[in-house]
Amino acid sequence: MRLSPAQLEEFKSEGALAIPGLVPTGVIEGWQAQMREVCSEGVDLDEPDTWPAGRYAPTGGWPEFSPNLYNVMNLQSIVEQVGGGAFAASHPAGLPWTPQVPMTRVILPSAPGTQWQAPVDGHLDGYASGWGGGFMAFFAVLLWDVDSPTGGGTAYWPRSHRANHRYFIEHPELFDGSYLFTEPVQSGGHRALLEGDPGVGEVVCMTGRAGDAMLFHGLTTHIGSENAAGSRQARVAQFARYSHRKMREQAPMVMFPDKDGTPWSPPDEQSLGTGFLPSDHPGRRLERYDVSRNLWKYWAPEINNQP
Ligand SMILES: O=C(O)CCC(=O)C(=O)O
């Protein structure tokens, strides 16, 4: 599977692209069967009357399913296309690379009587989450149909990748994640970077059929959304996240801190955590910190086709 020139253009302008039928039906059916198998506490994914409200995972969490989403050929082919071979699965910072287990997230309907509300703020992945640097893109893949925008699909702000990019061009020194602890984001959240930007669209919540996916630019503001009370559809999705291979390798030099801003501590004695780098630290000259005016500099030539 390859994206057409029109799809690439849409992705570049919107920061998000629907990719119908990314995962073949046979694979989806296999994943659905494996998920049904591991549900616990009497939860039956086909039987809404057994569902607890909101986010659900079985005891011990969702396991790795077979095949691993990262090994689905259509996904690999698109990642190769958009990254020109330079993208690889994101992984925890400071640890040697190992094959990744994609995140599975299930959002069941809210408690009866709860009014559905559109998300008002989102986040960017790749910060304060222990991942390596150079976060580039992620895919959200539906394992069951989501027919309604109030059905719990991933929420995103169209064209927010451009607004966030503009912000980081003005403040490249905050691209290491310290923007999270700096005004206006510290008080106003990520929406503070989007407010007043006429290019950014109203929040959209993903819908689609089982096997459909959305590709998001790494700078697209997004968040989970509620599955409306009374819905009879579970929102079941897997996520595959990609970093720039070379920047990912630079991660041990450029650790970011924990969520509250305290310096990050390395997961083992071999790794060196540095917290945010001082402004004169040579690590800041690594590609991982490069906020290029050209948003597509590290993407495949067919995307990075600026003169
Ligand atoms: O569950 C979702 O749809 C959103 C997940 C999300 O925001 C994330 O993984 O960063």
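Which residues are around the ligand? They are M103, R105, D125, A140, T154, H222, I223, G224, A237 and F239, counted where the C-beta atom, placed from the backbone, lies within 6 Å of the molecule.

## Basis

This is a predicted model: local features need pLDDT of at least 70, side-chain atom pairs count only at pLDDT 80 or more, and totals for chains, interfaces and linings use all residues. Residues are numbered from 1 along each chain as its sequence is written.

## Ligand shell

The shell around the ligand holds five nonpolar, three polar and two charged residues. Here Ala, Val, Leu, Ile, Met, Phe, Trp, Tyr, Cys and Pro count as nonpolar, Asp, Glu, Lys and Arg as charged, and the others, Gly among them, as polar. At least two shell residues come from each of β4 (103-108), β9 (222-223) and β10 (235-244); strands are DSSP runs of E, at least two residues, numbered from the N terminus.

## Open sheet

β7, β6 and β9 form an open antiparallel sheet in the order β7-β6-β9. β7 (204-205) and β9 are the edges, each with a single partner strand, so one side of each lacks a neighbour in the sheet.

Strand β6 (residues 155-156) and β9 run antiparallel and are joined by two bridges; pairing requires at least two bridges found by DSSP. In this pair, A155 is opposite I223 of β9.

## Nonpolar core

The largest nonpolar core has 58 residues. Such a core is a set of buried Ala, Val, Leu, Ile, Met, Phe, Trp, Tyr and Cys residues joined through C-beta atoms within 7 Å, buried meaning 20 or more other C-beta atoms within 10 Å of the residue's own, placed from the backbone. F139, V141, L143, M214 and L215 have the most contacts inside this core. Strand β5 (residues 135-142) gives the largest share, eight residues.

Leaving aside neighbours within four places in sequence, L215 is in contact (C-beta atoms, placed from the backbone, within 7 Å) with F11, L17, I19, A137 and F139.

How values were computed: Helices (H or I, at least four residues) and strands (E, at least two) are DSSP runs, numbered from the N terminus. A residue is buried if 20 or more other C-beta atoms lie within 10 Å of its own, exposed if 12 or fewer, and partly exposed in between; C-beta atoms are placed from the backbone. Two residues are in contact if their C-beta atoms, placed from the backbone, lie within 7 Å.
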